[in-house]
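Subject: Structure handover and notes

Hello,

Below is the structure I said I would pass on. My notes on it follow.

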Amino acid sequence: MKLTIHNGNETYTLPFDKPAVLADLLALQGHPLDLPCAGNGRCGKCRVTAHGALSAPSADEKRLLTSEELAAGVRLACRTVAEGDAEVTLAEKSGISVIQTEAVSRQYERDVQQGYGVGVDIGTTTVAAALIDLESGGELASACAQNPQEAFGADVISRIERSLAGDGPALAEAIRGCIEGLLRELLEKSGLDGGKITRIILTGNTTMLYLLTGRDVDCLSHAPFDADELFGREFPLGFAAAPKAACYLTRCNSAFVGGDITTAVLASGIAERQETALLIDVGTNGEIVLTHRGKMYCSSTAAGPALEGAGIYMGMPALGGAIRRIRLEEGEIRCETVGGLPDAGICGSGVIDATALLLKIGAVEETGLLLEEDHDYVSHMDEAGDTLAFRFGERTLFTQKDIRAVQLAKAAICAGIRTLLHEAGLAPSDVERFVIAGGFGSHISVENAAAIGLFPAELKEKAEVVGNAALEGAVMMLKRRAFTPESEETAARMETVELSSNPYFSDQYMESMMFEA
C-alpha cells in the first residue's frame, strides 16, 4: 500500500503496511499538520483533500464538513484512515509574519563583546530568532517559524498530556529541530559561520522550556502546579548549527509565569521605574504583571487560544490569506488579509476586530448572542454546521461558538487585571503605563480590544503596544551581561497571585463575561 502526497509542486510516495490515520502518515513523511485539538476531531483544522481507499467519513467529519466539501474529497486528516492506496493534497501555506520589536522602549548601554549571539523566543504558536553581532550590537538577521509542536495540540495543556502519554522525546525533537532550522536560516541570510556563535539565549513559557529540555512535565499537570525547575541557567542543548554556543534558558517565576514574561518585563523597563505600570502578554495563557511602589505582582489566567485564532471555527495563524483587519467603511465591511490573498480564515487580530464590529453593527447582543436578523447585515448571515455564523470576506465564517470563546477569553484577561489591581489596593485609573506585549499584541487594534472588554476601559488611553518584548529581552541579555542576573532577580521577586481559588477573580470573571452595550 502507498500514500501519494502532493505538497505544492512536490510529490512524495510513502509506503505503509497496515491501515493508518492520514495525520500519522503525513507526520512520518515530515509533514505534521496543525492539530489544535490534539487530533481529537473537535476543531476541523486538519482539512486535506484526499481520494482512494479511505475510511468512510466519521461522525466528526460529517459534523464539521459540509456535504459539498465531502463530495469534493475534503477530509479531516485526524479522522480519516488510509486503508489502501490513496493520495492526499496539502493546503498551501505562506510564511509567518515578521518579528516586531521596534516599539520596545527601554534604554541601556550595551557591553562591547567579541563574537555573535542568538536570541530565541519559543512561543506556543510561533518561534522567533534574531542573530546579533555582539561587537557592534547590530542585528544581522531574523527568522520565524510555526512551532511544530502544534501537531501535538494547540495549547500547553494538550502538549503536556501528549508528553505524559509518551510523546515527550518527539516534542523535544520537534522544537529542537525547529530551532536548528532557524539557526541555519539565520546563517544563510547573514553569511556567518555558525562556529562564531558563542551564546544563545532561549526564552519561553515554563512548559515550552520543559518540553525543549525533555523534562518530566508531571509537576505541571496537576495541583499544586509546583515547577521543579525554574531554569535561569545554561543547558547543554548542542545545536549542530552553532556547535560552540553556550545555551542559556531564562528564569521562570512559576509553572504558569515563564521566562518569556521575565524577558518581556526586562525589555519594557517597568521593573526599573517608580511608576504604577501594568504589562499583559495575551496568549493561550494571559500573563499579567503589575508594578507598584517597588513591588511586583504577577499572575496567569487561562484565556484559551481563541484570541490567537486557535479554537476558532476558521481560525489560523497570521499566514497568507488570514483576515487580520476588519473595518466598516461607508457602511461596507472591509477585510484585510495577510499578503492581500483571498481570505482563508481569520487570525487573532481579526478575531478582535470581528467581535468589535459585530457589536458595533448590532449583530451581537451584550449577552454575546449572535442575531440572525434585526440588523442591517442579514445578507452576511450563514451557517457552519448546526451553528449560526457571520460571513467575513468571501468565505470566512465567524460563528456563535467563536463569540462564546472570545467572551471566555476576554473575561479571563480583564478579570485577571482587575484582581491584580485589587490585590495592590489600586483602581484601573491608578495605572500610569499599560504595556501590551507579544506577537499577538503587535497587531491588535487597541480601540477594538477595549470595545470588547479585553481590559478595563480606563486603560485604553494609556495603552502602549510593543512587539515581541520577550525576544527583545533575550537580545538585551546578549548585549549586556548584567541583564542576566537582573532578569533572574526580577523573576524571583515577582509575587504570584493565584487566581483559580480567588473569590474576587471569580466575581470579576462573571461580570466581565458580558459585552458593554
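In what sense do strand 16 and strand 18 pair, and over how many bridges? The pairing of strand 16 (residues 322-329) with strand 18 is parallel and runs over two bridges. Strands here are DSSP runs of E with at least two residues, helices are runs of H or I with at least four, and both are numbered from the N terminus. Two strands count as paired if DSSP finds at least two bridges between them.

First, the conventions. This is a predicted model, in which local features need pLDDT of at least 70 and side-chain atom pairs count only at pLDDT 80 or more, while totals for chains, interfaces and linings use all residues. Residues are numbered from 1 along each chain as its sequence is written, and side-chain values use heavy atoms, with hydrogens and water left out.

Confidence
The mean pLDDT (the predictor's confidence in each residue, from 0 to 100) of the protein is 90, and 94% of its residues reach 70 or more. Over residues 94-103 the pLDDT is below 50, yet this stretch has 31 contacts in the model beyond near neighbours in sequence. A contact means heavy atoms within 4.5 Å. Where pLDDT is low, the predicted coordinates should not be read in detail.

Ile 323 has Ile 346 of strand 18 as its bridge partner. Axes are lines fitted to C-alpha atoms, for helices over the stretch in contact, and angles run from 0 to 180 degrees between N-to-C directions.

Strand 13 is joined to strand 14 (residues 285-292) by five antiparallel bridges, with Ala 277 opposite Thr 291; the two strands form a hairpin with three residues between them. Five bridges also join strand 13 to strand 22 (residues 433-437), here in parallel, and Leu 278 stands opposite Phe 434.

Helix 6 against helix 10
The axes of helix 6 (residues 259-268) and helix 10 (residues 469-479) come within 7 Å and cross at roughly 75°. Helix 6 is therefore roughly perpendicular to helix 10, a term used for angles of 65 to 115 degrees (under 35 is roughly parallel, over 145 roughly antiparallel, the rest oblique). The contact residues include Asp 260 and Leu 266 of helix 6 and Glu 472 and Met 476 of helix 10. Eleven of the eleven residues of helix 10 are buried, so helix 10 is largely enclosed by the rest of the structure. Among the buried residues of helix 10 are Glu 472 and Lys 479.

Regards

Methods:
Buried < 20%, exposed > 50% of the residue type's maximum accessible area, 1.4 Å probe, protein only.
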